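Look at the structure below and read along with the paragraphs that follow.

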Protein chains: 2
Amino acid sequence: MRTHERVLAQIEADLRSGKWGLGERLPGERALAEQLGVSRPSVREAIRILEAMGIVRTAVGSGPTSGATVIDRPAAGLGAAVRLHVASGTLAVSDVVATRTLLESWAAREAATRIGAPDATEPPVPAAEHQYLDEAWRLLGAMDDPGLSVAEFIERDQDFHLQLARMAGNQLVEAIMTGMRSAVGSYVTAGAERLPTWGTTAARLSAEHRTILDAIGSGDADTAEKLVREHIQGFYRETGLDGT
Amino acid sequence: MRTHERVLAQIEADLRSGKWGLGERLPGERALAEQLGVSRPSVREAIRILEAMGIVRTAVGSGPTSGATVIDRPAAGLGAAVRLHVASGTLAVSDVVATRTLLESWAAREAATRIGAPDATEPPVPAAEHQYLDEAWRLLGAMDDPGLSVAEFIERDQDFHLQLARMAGNQLVEAIMTGMRSAVGSYVTAGAERLPTWGTTAARLSAEHRTILDAIGSGDADTAEKLVREHIQGFYRETGLDGT
DNA sequence: TAGCCCATGTGGACCGACCACAGGTAGGAT
DNA sequence: ATCCTACCTGTGGTCGGTCCACATGGGCTA
């Protein structure tokens, strides 16, 4: 096993054992190198990987915010992986779109179910779903601004859709959605900008968003799932990003 | 922007432009460093990330297999990201299980649909689905060996389930499934080994596998999806990995 | 002609140094 | 006593160079 892999394995074991929790700082690179009996470059390579995976963030300087801090950004690693493989041609954008449709229509169903029948088994955040729902409505209002550029509209649209994923309460699904967003966001914006009738499309998307939120808010899982699927598929078909 | 990030961005751009395709080799670390006007450690850090993401593989020595070669292992990066975040406590195993259930039941539906109504729009691999189906049946036969240990059985079980995902023809879904497998495989094996009545469970799983393959083979999408969902949920409920 | 051996190119690992940066702190000015 | 400034210190960022292990392949030798 290569040196940086040993370092990585050690840090992963320490994470698993709870030695370092969220928000805490790893020892400095020099200290870590000495503790593990390896050189500083090897430690740095391991930390680079952790950083790319969204496990830590690094900062120079001194004080409590400097050094390598444990964070929780699963979407960073997932997004980078998807983005790089789309770049290399391994992953087709159409596959990403299909996966997004799948995950998000499921999320809508799940969200509607949770809203409709509040799960009493989650005491820490009893009304979290409604909080997310309110935030979604707020984002929806922000999209009505006629002065928005295409890119700005898409930005808010993605925020809205991310909010839907969040309502399902599955962090992995949320992370995958966020990752895919960062991976293919530029393709989506480019596709939207090519549309000659963008104004019409934007209005239709907003209207659909409202029907989706209504369905979720009233706990109608079947309708919510169906609407989301048609909403996403319709947009990608229109922009030609669905692989056809 | 940090130096290794510039290197990474450059390589990603080159990948996107098709400068280096699958199976080709990147220039050597020394050459790359000189071309980009950076030091070798910076190049190495960038390559480390690409390696962790499953974009390249590195090998020492000389000859055509040495150096950094472009590969396509999206599951490597996705798996590492999921595994590390499970280790750090960000992602719950139950969320991973839920996501797996979601993706795989969709894959079963998709596979059955494809088998039932062969898609003539994919000329390169006309009978790929049937090929995968045959392979799945073969794996199923290998699981009947009564001399298998729990770990060996689970290993084949995961291969079987991966085969299902493959039949859906979505590389991202397949990669996510593979990644999740590597991320939580040890939890699954540990859970299975705790079961007092493993022999009974194994026999039931095998029987369910057969009904699933039958449903897919006959193009019955609804049944295939339902069976897979119940199959997975049943197993995780039995082993207590579903979060309850 | 067959076999061996070493030149060569590759990544792997390390060392030591210097830099930029941000906090914290001690000192001086008011 | 208070505030401000200048410096000290610890942090990651970057670099150049060195040496090593390894695998190949071609040239040399028997």
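A residue counts as buried under 20% relative accessible area, as exposed over 50%, and as partly exposed in between, with a 1.4 Å probe and protein chains only. By that rule Glu104(A) is buried, because its relative accessible area is 0%. This is a predicted model, in which local features need pLDDT of at least 70, side-chain atom pairs count only at pLDDT 80 or more, and totals for chains, interfaces and linings use all residues. Residues are numbered from 1 along each chain as its sequence is written, chains are lettered from A and ligands numbered from 1 in the order in which they are written, and side-chain values use heavy atoms, with hydrogens and water left out.

Glu104(A) sits in helix α5 (residues 93-116) of chain A; helices (H or I, at least four residues) and strands (E, at least two) are DSSP runs, numbered from the N terminus. Contact means heavy atoms within 4.5 Å. Apart from neighbours within four places in sequence, Glu104(A) is in contact with His161(A), Leu164(A), Met177(A), Val228(A) and Ile232(A).

Thr201(A) belongs to helix α9 (residues 198-217) and is buried, with a relative accessible area of 2%. Its contacts, leaving aside neighbours within four places in sequence, are Leu195(A) and Glu238(A). Thr239(A) lies in helix α10 (residues 221-239) and counts as buried at 8% relative accessibility. Not counting residues up to four places away in sequence, Thr239(A) touches Gly191(A), Ala192(A), Arg194(A) and Leu195(A).

Next comes the nonpolar core, a set of buried Ala, Val, Leu, Ile, Met, Phe, Trp, Tyr and Cys residues joined through side-chain atoms within 4.5 Å. The largest one has 156 residues, and those that touch the most other members are Met53(A), Trp198(A), Ile216(A), Met53(B), Trp198(B) and Ile216(B). What is Trp198(B) in contact with, leaving aside its neighbours within four places in sequence? The list is Val150(B), Phe153(B), Ile154(B), Ala192(B), Leu205(B) and Phe235(B).

How are the two chains related?

A residue is near a strand if one of its heavy atoms lies within 4 Å of it. DNA strand D is surrounded by 24 residues, and the closest are Arg40(A), Arg2(B), Thr3(B), Ser39(B) and Ser62(B).

An N or O atom in the side chain of Arg40(A) is 3.0 Å from a base nitrogen of DNA strand D. Arg48(A) has a polar side-chain atom 3.2 Å from a phosphate oxygen of DNA strand D.

Methods:
A polar contact is a pair of N or O atoms within 3.5 Å; within protein, one must be able to donate a hydrogen and the other to accept it, and residues adjacent in sequence count only if both atoms are side-chain atoms.
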